[in-house]
Amino acid sequence: MNLQFPQHFLWGGAIAANQVEGAYRQDGKGLSSSDVQPHGIFGEIIDRDVETITSIKDKAIDFYHRYPEDIALFAEMGFNCLRVSIAWTRIFPNGDEPQPNEAGLAFYDTLFDEMAKYHITPLVTLSHYEMPYHLIKHYGGWGNRQLIEFFNRYAKVVFERYQHKVKYWLTFNEINMSLHEPFTGVGLARESSKQAIYQAIHHQLVASSKAVKACHEIIPDAKIGNMLLGALTYPLTPKPDDVLATLQENHTWLWFGDVQARGEYPGYMKRFFKENNIQLTITEDDRQSLNTTVDFISFSYYMSACATAEDKDKLKGNILDMVPNPYLKSSEWGWQIDPKGIRILLNLLHERYQKPLFIVENGLGAIDKIDENGHINDDYRIQYLHDHLVQVGEAIADGVDVMGYTSWGPIDLISASKAEITKRYGFIYVDLNQDGSGTLKRIKKKSFSWYQSVIKTNGQHLNRKV
Ligand code: BG6
């Protein structure tokens, strides 16, 4: 079929402060949860107030200084949207100060101004896998109710400051990942009890809904969404027990969306809390806050998984462990590639929430090689993105309201799970090696001109085979 994308479709890429900016203590920036995970989310937590160590993320791809060049390259590809995140620790270095750090605020002013030069619409995540480490060390992370107030202060400051520059916002990146990596998600130790993790998540959900309210009050013409790790799960077999296990598996992540889009905990979660003896402290004010729901649903999608009622070995995927699907191939990192899954997921979320959807992360992490002519022929990436975008087009034809698509890591960046630069997602190569050496020179890959054609034709280019 001839794919058609809506006229004002937002096309672009997505990056996160802690994976690109570097400049990790510059201009008053405080230490963040990401800074104390020098080897990524799956690695050790090292208190950098006490131990002197370095991380590849300290410099990353030096976006903090090189953003004009990078934004110009994104503009050349035709981006009309760029998802970035604000590092909370640039604005409130410790998280509990009464006043923000002006140098941090000024940095994002210049970044948004640079994007405006090229008519690139910013989509801004308030917290993408980082929070002030001070709030973890001295307050106990999101386990402490006071975090709601600190986050609210931060959110209001940035809404006020950028109200004329930013009209699309997201609250917490992949808010549903805290059940799997609680330190990154809510600043709690990995061995914390379920009770503690769910209570911390509750505080974060309340903070998210308060941010939605504040955003509507301060920037009435803005739209603010949530952000879910799209963990689409299929039954391994048609056995009713496997189908039930799949429903329950999907509930473990969809419930976050249910709270954020419908304004209250779903019945199956109330049952889960009861049966697992989890007693959440939920105040009347919390309940009222949760009633403020998001304007749109955003999500990441890299892979799908299977579920079964039987005991099976699991693969480590994107944060989650998963039962592999025997019908799918995997990436070099063992992530199972399932383009049709994005169409299925878009339909599922559309039917469930009846809100606009935004795909804010999707892409292929791969090892790229520069050939003898200095070219990077990343046909595998073109294939992956083409196949997924075709399915996005199919979902649009199914009647799903899709606002836009920002592919993950349009320029190579430091991976989140293991802080690797060898795992590259970009249309733009960055000359940086895992040991930190390299010129940081930017080189266009083959996929650069392919994505440029896709955007230029508003998706028509996808009607051609790759
Ligand atoms: C998502 C995160 O989970 O996956 C990103 O929001 C992350 O921050 C992306 O980079 C890909 O994961 P990784 O580990 O390959 O960087």
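What volume does the largest pocket have? In this predicted model, the volume is about 980 Å³. A pocket is an open set of points, on a 1 Å grid over the protein atoms alone, where a 1.4 Å probe fits and with protein on both sides within 12 Å along at least five of seven lines; lining residues have an atom within 4 Å of a point. The volume is the space filled by probe spheres set on the points, which are joined across faces, edges and corners. The model is predicted, and local features need pLDDT of at least 70, side-chain atom pairs pLDDT 80 or more, whereas totals for linings use all residues. Residues are numbered from 1 along each chain, and side-chain values use heavy atoms, without hydrogens and water.

The largest pocket is lined by 46 residues, of which H180, Q248, E249, T252 and K314 lie closest to its centre. By class, the lining comprises 23 nonpolar, 12 polar and 11 charged residues (Ala, Val, Leu, Ile, Met, Phe, Trp, Tyr, Cys and Pro being nonpolar, Asp, Glu, Lys and Arg charged, and the others, Gly among them, polar).

The second largest pocket has a volume of about 190 Å³. Its lining includes G263, K270, L280 and R287, and α10 and α11 (284–290) each give two or more residues to it.

L280 is also one of the residues touched by Q199 (heavy atoms within 4.5 Å), together with R145, Q279 and T281, when residues up to four places away in sequence are not counted. Q199 belongs to helix α8 and counts as buried because its relative accessibility is 10%, under the 20% limit (1.4 Å probe, protein chains only).

Notes:
Helices (H or I, at least four residues) and strands (E, at least two) are DSSP runs, numbered from the N terminus. Buried means under 20% relative accessible area, exposed over 50%, partly exposed in between (1.4 Å probe, protein chains only).
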